[in-house]
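Please read these points beside the model.

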Amino acid sequence: MVKRNENIAKLQAGYLFPEIGRRKKALLEKEPDAKLISLGIGNTTEPLSTHIVEGLNKEVTKLGTPEGYTGYDDDAQAQAFLDKLKSRISKNWYNDIISPDEIIVSDGSKPDCGRLFFLFGSDVSIAVQDPAYPVYVDGSVMIGATGKYNSDTEEFNDIEYMRCTSENDFFPDLSKAKRTDLIYICSPNNPTGAVATKEQLKELVNFAKKNSSIIIFDAAYSEFIKEKGLPRSIFEIEGARECAIEVSSLSKPAGFTGVRLGWTIVPKELKFDDGESVGKDWQRVMGTLFNGSSNIAQWGAIAALSETGLSEIKEKVNYYMENAKIIKDGLEGLGIKTFGGVNSPYIWAAFPGKKSWDVFEEILTKAHVVTTPGAGFGKAGEGFVRFSAFGKTSDIKEAVKRLQENL
Ligand code: PGU
């Protein structure tokens with residue numbers, strides 16, 4: 001028999017979202033006629049827009065012709081697509097603050113988060129926001145970078161948990177944070193919906209530079225920022241090129257959760273303590289563990305990042321943000337305090353004094369609405385439930401009506 005990987009054994013529970021799926025299934029076994037509405041996992045529901053579908057179709061058709069066929073990206077034609085895509089990401093997404101050769105295109109930001117663990121190995125120390133997207137902690141546990149699980153504190157000994165609560169506007173108090181090698185930051189934030197301001201990110205960059213740390217900035221929801229003056233990328237902040245990596249994705253803004261396309265930016269200035277380039281090592285990791293994003297998805301992304309594609313993306317984002325407003329107003333109308341939902345597709349709803357899994361169960365059984373319990377994102381998420389604005393507006397309205405009738 002093979003010995004179980006002890007790091008995987010340290011994970012206390014299953015991955016959050018499949019666990020929610022199990023609870024959904026259990027309810028449906030008891031009540032097969034229940035019409036569940038999912039405001040749980042942040043999964044897009046709106047069909048791809050016309051221009052993007054044309055882009056995808058164009059490539060699929062070409063793949064069936066001798067002259068248009070492409071395989072791995074070592075052939076000239078495949079390289080040319082990739083170059084075109086990187087140049088669009090650089091110009092149309094980042095306004096040229098990032099150069100195309102600093103972008104590595106991938107199949108999404110979650111897989112990139114996974115491969116980043118290979119880049120840094122198990123000897124790094126890690127800080128996360130608490131609450132946080134569970135991949136940062138679970139992935140760190142899997143590679144053995146977190147030390148032992150402490151059942152008294154319900155935390156891993158070697159992780160620096162930076163509490164993000166309404167008292168600090170859901171941004172870590174860096175004056176209290178310990179120095180770590182890596183600092184995971186997500187803005188707009190999953191799950192709290194908070195967006196870091198320029199001042200907060202300046203403070204973060206200064207902190208990272210002072211401590212020679214690397215920030216891993218998850219910008220998967222940048223397109224949902226509506227208010228002017230809020231930073232969409234860590235690289236809008238002076239000094240970030242020497243201390244940050246950014247992961248991003250078309251999953252949420254363009255509805256690519258199933259198509260799969262994202263990217264990671266590693267600036268040329270980012271170096272390890274021995275002076276070696278982080279970007280060069282990242283290329284090495286990706287060259288070994290990844291074989292390029294699907295050429296079909298790349299064509300979809302090229303279309304998505306054109307002028308027409310980007311205006312279609314804005315429409316989708318506005319659609320989901322209308323949903324966010326309906327949820328937020330509905331909850332507030334019930335006297336439930338909410339955060340987020342203005343520059344992010346998540347509404348973080350407070351249920352003080354209650355266990356978030358209990359609130360999750362209550363909403364599931366009484367209203368047949370699926371949410372995500374805050375405790376699944378970390379200890380500071382206890383007492384909160386996350387509502388996702390991804391869904392059909394008619395379902396969102398129905399869900400809010402059921403909450404009003406049943407809570
Ligand atoms: N980063 C953040 C902060 C996310 O919230 C998500 C998805 C991703 C990355 C993943 O993006 P991809 O580019 O599609 O890989 N979060 C969703 C889905 C759950 C999950 O397991 O990824 C959510 O509901 O939180």
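1. D107 is partly exposed, at 23% relative accessible area; the class runs between buried, under 20%, and exposed, over 50% (1.4 Å probe, protein chains only). Its salt-bridge partner is R115, with the closest N and O atoms 2.9 Å apart. A salt bridge here is a side-chain nitrogen of Lys or Arg within 4 Å of a carboxyl oxygen of Asp or Glu. R115 is buried, its relative accessible area being 10%.

2. On provenance: this is a predicted model, in which local features need pLDDT of at least 70 and side-chain atom pairs count only at pLDDT 80 or more, while totals for chains, interfaces and linings use all residues. Residues are numbered from 1 along each chain as its sequence is written, and side-chain values use heavy atoms, with hydrogens and water left out.

3. By the salt-bridge rule the count is 27. One of them joins R179 to D181, at 2.7 Å from N to O. R179 is partly exposed at 36% relative accessibility, and D181 is partly exposed at 23%. Elsewhere, salt bridges with shared partners link D101, E102, R241, K268 and E269 into one network.

4. Helices (H or I, at least four residues) and strands (E, at least two) are DSSP runs, numbered from the N terminus. E102 is buried, at 3% relative accessible area, whereas K268 is partly exposed at 46%.

5. Y69 sits in the loop between α3 (50–63) and α4 (76–93). Is Y69 buried or exposed? Its relative accessibility is 52%, so Y69 counts as exposed. Leaving aside neighbours within four places in sequence, Y69 is in contact (heavy atoms within 4.5 Å) with K62, L63 and Q77. The C-alpha atom of Y69 is 10.0 Å from that of N295, a residue 226 places away along the chain.

6. The domain assignment gives domain 1 as 6–47 + 310–406 and domain 2 as 99–297; such bounds come from an automatic or database assignment. The C-alpha centres of the two domains are 24 Å apart. Contacts involve 33 residues of domain 1 and 41 residues of domain 2.

7. How much area do domain 1 and domain 2 bury between them? The value is about 3100 Å², with 63% of it on carbon and sulfur atoms. Buried area is the accessible area (1.4 Å probe) that two parts lose on being put together, summed over both. In domain 1, Y15, N343 and K379 lose the most area to domain 2, together 21% of what that side buries.

8. Two salt bridges are counted between domain 1 and domain 2. K314 forms a salt bridge with E223, the closest N and O atoms lying 3.5 Å apart. On the side of domain 1 that touches domain 2, the elements giving two or more residues include α2 (16–30) and α11 (307–333). α11 gives the most to that side, with six residues.
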